[in-house]
Amino acid sequence: MRKLSETTGAADAGRLVDALLVAGVDSEVREPFTVWVRDDDDMPRAAQVLAELRPGVAAPEVTRAAAELRRQREQRDARAGRRMVHAA
């Protein structure tokens, strides 16, 4: 995991994480509003997304796409959880 950027607030951090997710880069926000990329191999792509992002400018289409990707991931994880067999 590597630090990508410190943002000015929760809204900018959320927009960056959404844009990264849509670009196929897993990331997370750690306090105070610092965005970290989970896989070091994704850093070049993450840097490109960061360079293209305009702070303070909402991108509703990116927010919707990220929400849909999260929903799909949750459904996939729920299905995978039902297929797991727990041995005692």
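Here is a walk through the structure, from the overall fold down to single residues.

What you have here is a predicted model, in which local features need pLDDT of at least 70 and side-chain atom pairs count only at pLDDT 80 or more, while totals for chains, interfaces and linings use all residues. Residues are numbered from 1 along each chain as its sequence is written, and side-chain values use heavy atoms, with hydrogens and water left out.

Let's start with the whole thing. The protein has 3 helices and 3 strands, and along the sequence they come in the pattern β-α-β-β-α-α. Helices (H or I, at least four residues) and strands (E, at least two) are DSSP runs, numbered from the N terminus. The C-alpha trace spans about 50 × 25 × 25 Å along its principal axes. Of the 88 residues, 24% count as buried; that means under 20% relative accessible area, with exposed being over 50% and partly exposed in between (1.4 Å probe, protein chains only). As for contacts (heavy atoms within 4.5 Å), take those with a separation of 6 or more: residues 24 or more positions apart account for 62% of them.

Now to the strands. Ser27 belongs to β2, which covers residues 27–30. Ser27 is buried, at 12% relative accessible area. Not counting residues up to four places away in sequence, Ser27 touches Val17, Leu20, Val35, Trp36, Val37 and Arg38.

Arg30 lies over the face of Trp36, 5.3 Å from the ring centre. The rule here is that NZ of Lys or CZ of Arg must be within 6 Å of the ring centre and within 35 degrees of the ring normal.

Move on to the loop between β2 and β3 (34–37), where you'll find Pro32. A cis peptide bond joins Glu31 and Pro32, with omega at about -10°. Phe33 lies in the loop between β2 and β3 too, and Phe33 has a positive phi of about 65° although it is not a glycine. Its relative accessible area is 29%, so Phe33 counts as partly exposed.

Over in the helices, Asp12 lies in α1 (residues 10–22). Asp12 is buried, at 15% relative accessibility. Leaving aside neighbours within four places in sequence, Asp12 is in contact with Thr7, Pro55 and Gly56. For a sense of distance, pick Arg76 in helix α3, which is partly exposed at 44%. Arg76 and Asp12 are 64 residues apart in sequence and 28 Å apart in space, C-alpha to C-alpha.

Last stop: the pocket. Rolling a probe the size of a water molecule over the atoms shows where empty space is left. On a 1 Å grid over the protein atoms alone, a pocket is an open set of points where a 1.4 Å probe fits, with protein on both sides within 12 Å along at least five of seven lines; lining residues have an atom within 4 Å of a point. The largest pocket has a volume of about 250 Å³, which is the space filled by probe spheres set on the points, joined across faces, edges and corners. Its lining has 15 residues, with Ala19, Glu52, Leu53, Ala59 and Val62 nearest the centre. Helices α1, α2 (43–52) and α3 (60–83) each supply at least two lining residues, and α1 gives the most, with 4. The lining divides into 9 nonpolar, 1 polar and 5 charged residues. Here Ala, Val, Leu, Ile, Met, Phe, Trp, Tyr, Cys and Pro count as nonpolar, Asp, Glu, Lys and Arg as charged, and the others, Gly among them, as polar.
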